[in-house]
Amino acid sequence: MNFDNYKTFTAQDFIFDEHFREILAGKWEPNYSIAALKKDLPEKSVEIELAVNMIKDLNVTVFENSDTRKSELWGKVVTKRSREIRLNLLRYTALVFLVIGSGFFTLHLSQNKSAIDQFASSQKIPLGKEVSLVMSDGEQIDINNKESRIQYNRLGTSILVDDTIRLEQNNNTNGFNQMIVPYGKRSYLLLSDGTQVWINSGSRLVYAPQFTGDTREVFLEGEAYFEVAKDASKPFYVRTDAFTINVLGTKFNVKAYKDDMEYTTVLVEGKVSMKVQDQFFSKDVILAPNQKLTLMKGQDDFQRSNVDETGFYTNWIYGYLEFKNANLSDVLKSIQRYYNIDIELNTRDQSSIVSGKLDLKSEPDRVLTGLGLLSHTKIIKSDNKYVVFEK
């Protein structure tokens, strides 16, 4: 069988392909099945499985009787019943309609994103050199401080910047504001509901000036530490591109940099539940204090572990970096982001493990000298970057 055409097929292409339906019905070649097709086209296995589920949920005779096909109309929601399928295209709920007189179905995918998810994904504001407060009307205020403080009043109409500048926001009930924190900078944000957020270097937080609905939602790219104000009637959600955290009132750290291989959440106090994004029937996972959930890029399941000291994950807000049995390359990446410097690891062992504590309030040269002592390496500055060598 020639699979050249199938290599470019979407799920809906498979649905309308006569040979594919014959394979599903067992009418093709002897001993040739959907499982065999998946084996021959492993890159299309998820599209094939989705198409199989759709066809099974529809009246199959519609594909065999053109008169019926022209006269009937379906608006049937396609659901996933028994197994979880992770697809990049499954950010939508699939609906299948038979278009009268057209002779074929149109697969309609309706977005299953919240308003803040859609807004965050549509905004492409690059990291600059200064912390930026971007208002819902597009106005951008740059803040020339290494450690900035942004505080909203209870109505979200007044914003105090670094205890010196007061801004007014009249359109506080529509749209979203953003905090853009570049590498080498950090910011403290007091939201209108009283929630406190410490935003680390290279991060973006999207939020409403005033939470007017039944929920409080923010969207995070990067790293932030949250102390959420309690409000049992209005749950708080932290959304990332990989998972969502649901919390009523608690303290926790979220690390969700897009260029990292793993995302983590560490709970300090309270209780949260988490679920993976873009997945049918994703299960909530409960996190207890002194526990960490890790989600590896490209995977669907959280890995839960206990942590001895949550300070290893939260003390960056006080200007300290603590680590225990950490990968040296990960520690260097944190320092690189914190100071906005370029560091190259030039050692034979790229996965060496280190433990210790660094005072990030010092200059980077001094911090890296201390790291060199902890890791038994030699760190030299060359051409505006730091290079880590073996001793």
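**Close-up views of a predicted chain**

**Overview: the whole chain.** The chain has an accessible surface of about 19800 Å², and 47% of that surface belongs to carbon and sulfur atoms. Accessible areas come from the Shrake-Rupley method with a 1.4 Å probe; for residues, only the protein chains shown count as cover. This is a predicted model: local features need pLDDT of at least 70, side-chain atom pairs count only at pLDDT 80 or more, and totals for chains, interfaces and linings use all residues. Residues are numbered from 1 along each chain as its sequence is written, and side-chain values use heavy atoms, with hydrogens and water left out. Nine helices and 26 strands make up the secondary structure count of the chain. Helices (H or I, at least four residues) and strands (E, at least two) are DSSP runs, numbered from the N terminus. Of the 391 residues in the chain, 48% are buried. Buried means under 20% relative accessible area, exposed over 50%, and partly exposed in between (1.4 Å probe, protein chains only). Take contacts in the chain between residues at least 6 apart in sequence: 51% of them join residues at least 24 apart. A contact means heavy atoms within 4.5 Å.

**View 1: confidence along the chain.** Mean pLDDT is 81 for the chain, with 83% of residues at 70 or more. pLDDT is the predictor's confidence in each residue, from 0 to 100. Over residues 59-112, pLDDT stays under 50. The model has 104 contacts beyond four places in sequence for residues 59-112.

**View 2: Phe 211 and Phe 236.** Rings of Phe, Tyr and Trp (its six-membered ring) pair if their centres lie within 6.5 Å; planes under 30 degrees apart count as stacked, over 60 as edge-to-face and the rest as tilted. The count by this rule is twelve aromatic pairs. One of them is Phe 211 with Phe 236, edge-to-face at 6.3 Å centre to centre and 70 degrees between the planes. This pair links distant parts of the chain, 25 residues apart. Phe 211 lies in the loop between strand S12 (203-207) and strand S13 (216-227), and Phe 236 in strand S14 (residues 236-239). Both Phe 211 and Phe 236 are buried. Ring pairs also join Phe 211, Phe 226, Phe 236 and Phe 252 into a cluster.

**View 3: Phe 243 and Phe 302.** The ring centres of Phe 243 and Phe 302 are 5.9 Å apart and the planes stand at 70 degrees, so this pair is edge-to-face. Phe 243 is in strand S15 (residues 243-247), while Phe 302 is in the loop between strand S20 (291-296) and strand S21 (303-306), so the pair ties together parts 59 residues apart in sequence. Phe 243 is buried, at a relative accessible area of 1%. Phe 302 is buried too, at 13%.

**View 4: charges over rings.** A charge sits over a ring if NZ of Lys or CZ of Arg is within 6 Å of the ring centre and within 35 degrees of the ring normal. Arg 239 lies over the face of Tyr 237, 5.9 Å from the ring centre. Over the ring of Tyr 320 sits the charged end of Lys 357, 4.6 Å from the centre.

**View 5: Val 197 in strand S11.** Val 197 lies in strand S11. Its relative accessible area is 0%, so Val 197 is buried. Leaving out residues up to four places away in sequence, Val 197 touches Ser 187, Tyr 188, Leu 189, Leu 191, Leu 205, Ala 224, Tyr 225 and Phe 226. Val 197 and Asn 253 are 56 residues apart in sequence, with C-alpha atoms 9.6 Å apart in space.

View 6: Asn 200 lies in the loop between strand S11 (196-199) and S12. With 7% relative accessibility, Asn 200 counts as buried. Its contacts, not counting residues up to four places away in sequence, include Glu 223, Tyr 257, Trp 316 and Tyr 338.

**View 7: helix H8.** Helix H8 (residues 328-339) has twelve residues and should span 16 Å at 1.5 Å a residue; its end C-alpha atoms are 17 Å apart, which agrees. The expected span is 1.5 Å times one less than the number of residues. Buried residues of H8 are Leu 328, Val 331, Leu 332, Ile 335, Arg 337, Tyr 338 and Tyr 339. Asn 340 follows H8 and has a positive phi, near 60 degrees.

View 8: His 376 is not a glycine, yet has a positive phi of about 55 degrees. His 376 sits in the loop between helix H9 (364-375) and strand S25 (377-382). At 61% relative accessibility, His 376 is exposed. Asp 383, in the loop between S25 and strand S26 (385-390), has a positive phi near 55 degrees. Asp 383 is exposed, at 74% relative accessibility.
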